[in-house]
Amino acid sequence: MKKIKKGEYSYLSWRKRKEIGQTILLFGISAAIFILGYITTNTKSNLLTIVAVLGCLPASKSAVSMIMYLRIKGCPQDIQEIISSHFGKDFGSYNLYFTSEHKNYEIHHLVVKNLSVIAYSSNQKTEAAAFEEHIKTVLKRDGITNYNVKLYQDLDKYLNRVDQLLLLKQENGGEDSVLSTLFAVSL
């Protein structure tokens, strides 16, 4: 079975299923330990109750992660089909969700090319200027400078801009390190 990587279109749905399953499993283990302790001692005051309560800590952490993933809507299928038919199936990164202290940014597609980070989101609540500043700050913190960051909310303008970038002479700007930094700070 092929491992699904962050940035692939199906990553978000796979990660949602994984988080749901992990959360159910962890809470189920805690419940089973509690029930086992109660059945064997006929009282809630036993050592297994403490173990079950402590087991709720990682289960709760998993539940928070699950809720974060369930909040992400992801790239609509029709937009993904337009982008993949235009550039190819494996071009760029899909379904990235960036969080900051003040805002969250849902990005449907992102391309790093020729010292530029170009992103698309159909979510009109995503503030372009705030997203651009956040990504510049993240890159600068990682020692990556000289990158232009632009968020488009119009699909045709986004596709045209990416086409323009592809026609330019390739500049080696460490695109892999930029992508790994962006993957590290996104869900």
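# Strands, cores and ring pairs

User: Which residue stands opposite Ser116 in strand 3?
Analyst: Lys113 stands opposite Ser116 there. Strands here are DSSP runs of E with at least two residues, helices are runs of H or I with at least four, and both are numbered from the N terminus. Two strands pair if DSSP finds at least two bridges between them.

User: Before we go on, what kind of model is this?
Analyst: It's a predicted model, where local features need pLDDT of at least 70 and side-chain atom pairs count only at pLDDT 80 or more, while totals for chains, interfaces and linings use all residues. Residues are numbered from 1 along each chain as its sequence is written, and side-chain values use heavy atoms, with hydrogens and water left out.

User: OK, back to strands. Do strand 2 and strand 3 run parallel or antiparallel?
Analyst: Antiparallel, with five bridges joining strand 2 to strand 3. Their hairpin has two residues between the strands, and Asn114 takes a positive phi near 50° in it.

User: And strand 3 with strand 4, parallel or antiparallel?
Analyst: Those two run parallel, and five bridges join them. Val117 has Val149 as its bridge partner in strand 4.

User: Is strand 3 mostly covered or mostly open?
Analyst: Mostly covered: five of its five residues are buried. Buried means under 20% relative accessible area, exposed means over 50%, and partly exposed is in between (1.4 Å probe, protein chains only).

User: Which residues of strand 3 point which way?
Analyst: Ser116, Ile118 and Tyr120 point one way, Val117 and Ala119 the other way, and all are buried. In a regular strand, side chains alternate between the two faces of the sheet.

User: Switching to packing. Which residues touch the most other members of the largest nonpolar core?
Analyst: Phe98, Leu110, Val117, Phe131, Leu139 and Leu182, in a core of 17 residues. A nonpolar core is a set of buried Ala, Val, Leu, Ile, Met, Phe, Trp, Tyr and Cys residues joined through side-chain atoms within 4.5 Å.

User: Which elements give two or more residues to this core?
Analyst: Strand 1, strand 2, strand 3 (116–120), helix 4, strand 4 (148–152) and helix 6 (175–184). Strand 2 provides the largest share of this core, four residues.

User: How many residues are in the other core?
Analyst: That one lies apart and has 15 residues, among them Ile83, Tyr94, Tyr120 and Leu159.

User: What does Leu139 touch?
Analyst: Not counting residues up to four places away in sequence, Leu139 touches Val117, Ile144, Tyr147, Val149, Val178, Thr181 and Leu182. Contact means heavy atoms within 4.5 Å.

User: Thr181, is that buried or exposed?
Analyst: Thr181 is buried, with a relative accessible area of 8%, and lies in helix 6. Leaving aside its neighbours within four places in sequence, Thr181 is in contact with Val138, Leu139, Asp142 and Ile144.

User: New topic: how many aromatic pairs does the structure hold?
Analyst: Eight aromatic pairs. Rings of Phe, Tyr and Trp (its six-membered ring) pair if their centres lie within 6.5 Å; planes under 30 degrees apart count as stacked, over 60 as edge-to-face and the rest as tilted.

User: Why is the Tyr9 and Tyr94 pair edge-to-face?
Analyst: Their planes are at 85°, with the ring centres 5.5 Å apart, so the pair is edge-to-face. It links distant parts of the chain, as Tyr9 is in the segment before helix 1 (11–41) and Tyr94 in strand 1 (residues 93–99), 85 residues apart. Tyr9 is partly exposed at 24% relative accessibility, whereas Tyr94 is buried at 2%.

User: What about Tyr105 and Phe131, how do they pair?
Analyst: Edge-to-face too, at 5.6 Å centre to centre and 65° between the planes. Tyr105 sits in strand 2 (residues 104–113) and Phe131 in helix 4 (residues 128–141), 26 residues apart. Both are buried, and ring pairs link Phe98, Tyr105 and Phe131 into a cluster.

User: Now helix 2. Is Ala59 buried or exposed?
Analyst: Ala59 is buried, with a relative accessible area of 0%, and belongs to helix 2. Not counting residues up to four places away in sequence, Ala59 touches Thr23, Leu26 and Phe27. The C-alpha atoms of Ala59 and Gln22 are separated by 8.1 Å, and these residues are 37 apart along the chain.

User: And what is Ser62 in contact with?
Analyst: Glu19, Gln22, Thr23 and Leu26, leaving aside neighbours within four places in sequence. Ser62 lies in helix 2 (residues 47–71) and is buried at 4% relative accessibility.
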